[in-house]
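Please walk through this structure with its sequence and coordinates at hand. The text takes one region at a time.

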Amino acid sequence: MSKPVFSTRFLVMAVVLIVCLITSNFFVPRLWQVAGLPLQLSGAVLLFPVSYILNDCITEVYGYRKARFVIWLAFLLSVFVALMAQLVCFLPAPLQESSRPVADSFNSLFAMVPRTTAASLVAFLVGSTVNAWIMSRMKVASRGRDFGLRAILSSVGGELADSVIFFPVVFAGVLPLGAVLQLAVTQVCAKVLYEIIALPLTAWFVRYTKKAEGIDTIDDNISYNPFKIKEI
């Protein structure tokens, strides 16, 4: 029986993608104004696009099925972190009076995580699947050409699906509807711009990884069913 092939590069990309997703959930509530303009973004914009860039890289090099597996793994681990955060918030207050402001501050941040993460999980699952699907289908159609165009268009589709789900759920009742829509549109534009700026580095990394791994997967005759997780 042949031994399963283990890729350190694939493992590192998967771990970094998952860490970016989970960490972004804690950054979402922190809004900031864009360069004095009447626009604001979530703190997650600094980190979350990295997960989509890595999604592009994994799909481009290893194929849709590997990307689907990582997306679901990120989903399950995010659920675990959200549940643990909520459990810690439910713990009794500390004995020392001086420690209670710290506990209250902790709870004020992490108590938001379940709602944020619930929206993030659904949005990430849909957005990342759309991103990987567009990337894969366009690669099959072009037979591996035009990586830059595929990376940008897949990011537009994925980020749009993500934001349309995420921001109305997280900020409904917190911000006016107009502000929520403006935040969603601004966030999509900022994330796509982020990925365009990073595109030269992303393209170099993809070329390097393909050469180092000796593979360049084109997803001929595969199932795009997002629930067939065992097919990797």
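Predicted model: local features only at pLDDT ≥ 70, side-chain atom pairs only at ≥ 80, totals over all residues.

Residues are numbered from 1 along each chain as its sequence is written, and side-chain values use heavy atoms, with hydrogens and water left out.

Start with helix H3, residues 64–89. Helices here are DSSP runs of H or I with at least four residues, numbered from the N terminus. H3 has 26 residues, and at 1.5 Å a residue they should span 38 Å. The expected span is 1.5 Å times one less than the number of residues. The end C-alpha atoms of H3 are 38 Å apart, which agrees. Several H3 residues are buried, including Tyr 64, Arg 68, Trp 72, Phe 75 and Cys 89. Buried means under 20% relative accessible area, exposed over 50%, and partly exposed in between, with a 1.4 Å probe and protein chains only.

Now the rings. A pair of aromatic rings is described by the distance of the centres and the angle of the planes. Rings of Phe, Tyr and Trp (its six-membered ring) pair if their centres lie within 6.5 Å; planes under 30 degrees apart count as stacked, over 60 as edge-to-face and the rest as tilted. The structure holds 7 aromatic pairs. One of them joins Trp 72 and Phe 227, tilted, at 5.8 Å centre to centre with 50° between the planes. Trp 72 lies in H3 and Phe 227 in the segment after helix H7 (177–213), so this pair ties together parts that are 155 residues apart in sequence. Trp 72 is buried, at 14% relative accessible area. Phe 227 is exposed, at 60%. Phe 166 and Phe 167 form an edge-to-face pair, 5.1 Å centre to centre and 85° between the planes. Phe 166 is buried at 7% relative accessibility, and Phe 167 is buried at 1%. Return to Trp 72: together with Phe 75 and Phe 227 it makes up one aromatic cluster.

Next, turn to helix H6, residues 147–171, which holds Asp 162. The Asp 162 side chain does make a polar contact with the side chain of Tyr 52, at 3.3 Å. A polar contact is a pair of N or O atoms within 3.5 Å; within protein, one must be able to donate a hydrogen and the other to accept it, and residues adjacent in sequence count only if both atoms are side-chain atoms.

Ser 7 sits in the segment before helix H1 (8–27). Ser 7 is buried, at 14% relative accessibility. A polar atom of its side chain lies 3.1 Å from the backbone nitrogen of Phe 10. The Ser 7 side chain also makes a polar contact with the side chain of Tyr 62, at 3.4 Å.

Finish with the backbone. Asp 146 has a positive phi, near 60°, and is not a glycine. Asp 146 lies in the loop between helix H5 (113–142) and H6. Asn 221, also not a glycine, has a positive phi of about 55°. Asn 221 is in the segment after H7 and is exposed, at 82% relative accessibility.

Note on methods
Helix = DSSP H or I, 4+ residues; strand = E, 2+ residues; numbered from the N terminus.
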